[in-house]
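Hi,

Here is the structure I promised to pass on.

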Amino acid sequence: MAKEKKPEYITKIIKDYGNIISTGTEILKVQENRKVISVSPAIDIGLGGGILEGTWLTLTGDPKSGKTTTAMQIAANCQKEDPPRPIIYLDVEGRLKGMNFEVADLDPDKMKIIQPENEPLSAETFLDVAHKLMSHPDYYGAILIIDSISSLLPAKELDGDFTPGRAGLPKILSIFTKKMGQLLPRQNGLVIAITHYIANTAGFGKAKMADGGNKIQYQADTRLEIRSGGEKSPAVSPWENASKERIGQAVNWQVICSSMGAPGGQVRSWIRYGHGVDKTQEILMLAQDLGMVDKSGAWFSCTFMLECKDVAKELKPDLDVNDDEAVVKAFKFQGQDKLYNFLHENPKLVDVLEQSIKAML
């Protein structure tokens, strides 16, 4: 079949401005071929699969609630891709410390950290450098972490005294988001903008709101906020082991919107100190919620092993895997810590569990 000839006026537009006219079907095909970026098992499920490349993500919450760790976890996941994605980190707050790099599989040597040399950098400089890097072919598919939007300081404020004034940060951010909005889909990158809650002084609505101006929130394809989901789901709660030692924290995320799924969901993520987002713990808790692990008092029975008899035979060669009762008894643990250690020592089993959970949901 002969290819339909373009009208002359279309040909002229393409000649003058490039191939900027496509059909809806062509656009859908491009979007279907976009890769999905993983955060963690629990968060991915809450988002409907993860985060699409070529989009914008905002992480909002109170200080020390897990935003930077979650952003670094995304960076670590992206470094494991083939080929690995470049990582750009804007250290706007100037508080980047060794503990921020304590995320499993994260390679700090393969990150580009943007921070002042001698003099403080203005918001305009930070964002201009970010845009230049994200535009370059060497940074195709790059991840840009802005930590944080809240600390960006316009040149008018940076060069002036401490008298508060209208320096126009929301306007600067508005221009930046508009420029990045056209760039990201072309470069298949991802912007992770970290924002904080500020008091809502309007006198109506929520007591706290995300800062940075409305354009930041409008631009975001995916928005995650750390906030309470009720008495049983505090925004952040301590994570303790059997000895009552605090080993991390549980973070309650609200899915305000997602590039892959429906808005309004709620998901709990687990951050282990010195490790980052703990995939094993998230899978363990999801398996309990879905009845794949039975809990009776202090005992945990891995009923999911009945669907993984080949793995059960590898782990226990003398086990009669055709005896269901024997299989469940062989993989029964007293205390959640022992079950966690079993799963952590068998990452293949964690992967099998993750696939089963995603298939169920």
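Tryptophan 56 and phenylalanine 176 are both buried (buried means under 20% relative accessible area, exposed over 50% and partly exposed in between, with a 1.4 Å probe and protein chains only). Before going on: this is a predicted model, where local features need pLDDT of at least 70, side-chain atom pairs count only at pLDDT 80 or more, and totals for chains, interfaces and linings use all residues. Residues are numbered from 1 along each chain as its sequence is written, and side-chain values use heavy atoms, with hydrogens and water left out.

Now, how many aromatic pairs does a search of the whole structure find? The search turns up four. Rings of Phe, Tyr and Trp (its six-membered ring) pair if their centres lie within 6.5 Å; planes under 30 degrees apart count as stacked, over 60 as edge-to-face and the rest as tilted. Tryptophan 56 and phenylalanine 176 make an edge-to-face pair, at 6.1 Å centre to centre and 65° between the planes. Tryptophan 56 is in strand 3 and phenylalanine 176 in helix 7, so this pair ties together parts 120 residues apart in sequence. (Helices, H or I with at least four residues, and strands, E with at least two, are DSSP runs numbered from the N terminus.)

Tryptophan 239 and tryptophan 270 are edge-to-face too, with 5.3 Å centre to centre and 70° between the planes. They sit in strand 10 and strand 12, so their pair links parts that are 31 residues apart in sequence. Tryptophan 239 is buried at 6% relative accessible area, and tryptophan 270 counts as buried at 11%.

Next, helix 5. It covers residues 123–135 and reaches 18 Å from its first C-alpha to its last, close to the 18 Å expected at 1.5 Å a residue (the expected span is 1.5 Å times one less than the number of residues). Its buried residues are Ala123, Phe126, Leu127, Ala130, His131 and Met134.

Helix 4 is mostly covered, with twelve of its 13 residues buried; Cys78 is one of them. The whole structure has zero disulfides (pairs of cysteine sulfur atoms within 2.5 Å). For cysteine 78, the nearest cysteine sulfur is that of cysteine 257, 19 Å away.

Cheers
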